[in-house]
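The stops below are given in the order in which to select them.

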Amino acid sequence: MKSMIVLLGPPGSGKGTQGEKLGTELGYVRLSTGDMLREAVRNGTELGKLAKTYMDSGALVPNDVIIGLMKDKINALGKVPGIIFDGFPRTVEQAEALDKELNVDLALNLDVADDILIERLTKRRSCPDCQAVYHLVYNPPKCEGKCDKCGAELYQRDDDKDATVKNRLEVYRKNTLPLVDYYTKAGKIATLNGVGDINAIFEEVKKVIQ
């Protein structure tokens with residue numbers, strides 16, 4: 001089984017869903033860059049203090065600091081079935097830096113056409129209170145505009161609005177899509193169709209990570 005996996009795919013491709021299933025069903029641990037930075041700062045570790053100086057000034061945290069946090073976290077986890085890198089690497093430069101320190105086994109790329117991504121994201125609605133997420137087509141609330149779980153008024157996140165979604169896809173194509181070529185050249189990529197039943201897609205995910 002592949003032990004270190006990078007999840008690739010544009011916003012709305014289902015990376016979060018499949019990453020979650022890898023965690024709940026197979027025991028993989030997801031390393032989120034944002035979560036790790038916040039935890040290290042909160043715990044006051046040496047790397048956390050260093051990261052905080054960049055975050056407080058509004059600067060990007062350098063790759064070596066992020067990768068150092070990842071290594072610390074992986075060492076602290078002990079024996080687990082596998083690791084999923086979430087939100088890192090986002091650029092080829094970051095992938096090269098990661099490869100110098102850790103051995104990525106597989107880049108799992110979820111492929112979804114832009115028109116489907118736009119529909120998925122722009123029709124998404126969120127609950128401000130319990131954070132439940134709905135979709136007006138695929139998973140609508142029972143009562144229009146109201147959360148099934150807590151009854152709060154649903155809203156559309158700013159990053160789910162049409163113009164923002166198109167910009168997010170453009171940023172992805174410019175910065176992150178080159179990673180597909182990078183991992184293809186390294187012979188470490190598996191591209192799967194990200195459209196269809198979530199469980200059926202996960203069955204394909206399990207086949208490629210074995």
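A residue counts as partly exposed when its relative accessible area falls between the buried range, under 20%, and the exposed range, over 50%. The model on screen is predicted.

Start by selecting valine 137, in the loop between strand 6 and helix 7. Its relative accessible area is 44%, so valine 137 is partly exposed. Now show what touches it: apart from neighbours within four places in sequence, valine 137 is in contact with Glu119 and Lys123. Valine 137 and aspartate 197 are 60 residues apart in sequence, and their C-alpha atoms are 14 Å apart in space.

Next, select helix 6, residues 114-122. Which of its residues are buried? They are Leu117, Arg120, Leu121 and Thr122. Display their surroundings: the buried residues of helix 6 pack against strand 5 (124-126), strand 6 (133-135) and helix 7.

Move on to helix 7 (residues 162-176) together with helix 8 (residues 178-185). The two axes come within 5 Å and cross at roughly 35 degrees. On the helix 7 side of the contact, select Arg173, Lys174, Asn175 and Thr176; on the helix 8 side, select Pro178, Leu179 and Val180. Coloured by type, the residues of this contact split into three nonpolar, two polar and two charged.

Then go to the rings. The structure holds one aromatic pair. Tyrosine 182 and tyrosine 183 form it: the ring centres are 5.1 Å apart and the planes stand at 85 degrees, over the 60 degrees required, so the pair is edge-to-face. Are these two tyrosines buried or exposed? Both tyrosine 182 and tyrosine 183 are buried.

For another ring, select phenylalanine 202 and lysine 21. Lysine 21 lies over the face of phenylalanine 202, at 5.3 Å from the ring centre.

Finish with the cysteines. With a disulfide taken as two cysteine sulfur atoms within 2.5 Å, the count comes to zero. Cysteine 143 is in no disulfide, and the nearest cysteine sulfur, belonging to cysteine 147, is 11 Å away. Cysteine 143 has a relative accessible area of 46%, so it is partly exposed. Cysteine 150 is also in no disulfide; here the nearest cysteine sulfur is that of cysteine 127, at 3.5 Å. With a relative accessible area of 40%, cysteine 150 is partly exposed.

Definitions and conventions: Residues are numbered from 1 along each chain as its sequence is written. This is a predicted model: local features need pLDDT of at least 70, side-chain atom pairs count only at pLDDT 80 or more; totals for chains, interfaces and linings use all residues. Side-chain values use heavy atoms; hydrogens and water are left out. Rings of Phe, Tyr and Trp (its six-membered ring) pair if their centres lie within 6.5 Å; planes under 30 degrees apart count as stacked, over 60 as edge-to-face and the rest as tilted. Buried means under 20% relative accessible area, exposed over 50%, partly exposed in between (1.4 Å probe, protein chains only). A charge sits over a ring if NZ of Lys or CZ of Arg is within 6 Å of the ring centre and within 35 degrees of the ring normal. Axes are lines fitted to C-alpha atoms, for helices over the stretch in contact, and angles run from 0 to 180 degrees between N-to-C directions. Helices (H or I, at least four residues) and strands (E, at least two) are DSSP runs, numbered from the N terminus. Contact means heavy atoms within 4.5 Å. Ala, Val, Leu, Ile, Met, Phe, Trp, Tyr, Cys and Pro count as nonpolar, Asp, Glu, Lys and Arg as charged, and the others, Gly among them, as polar.
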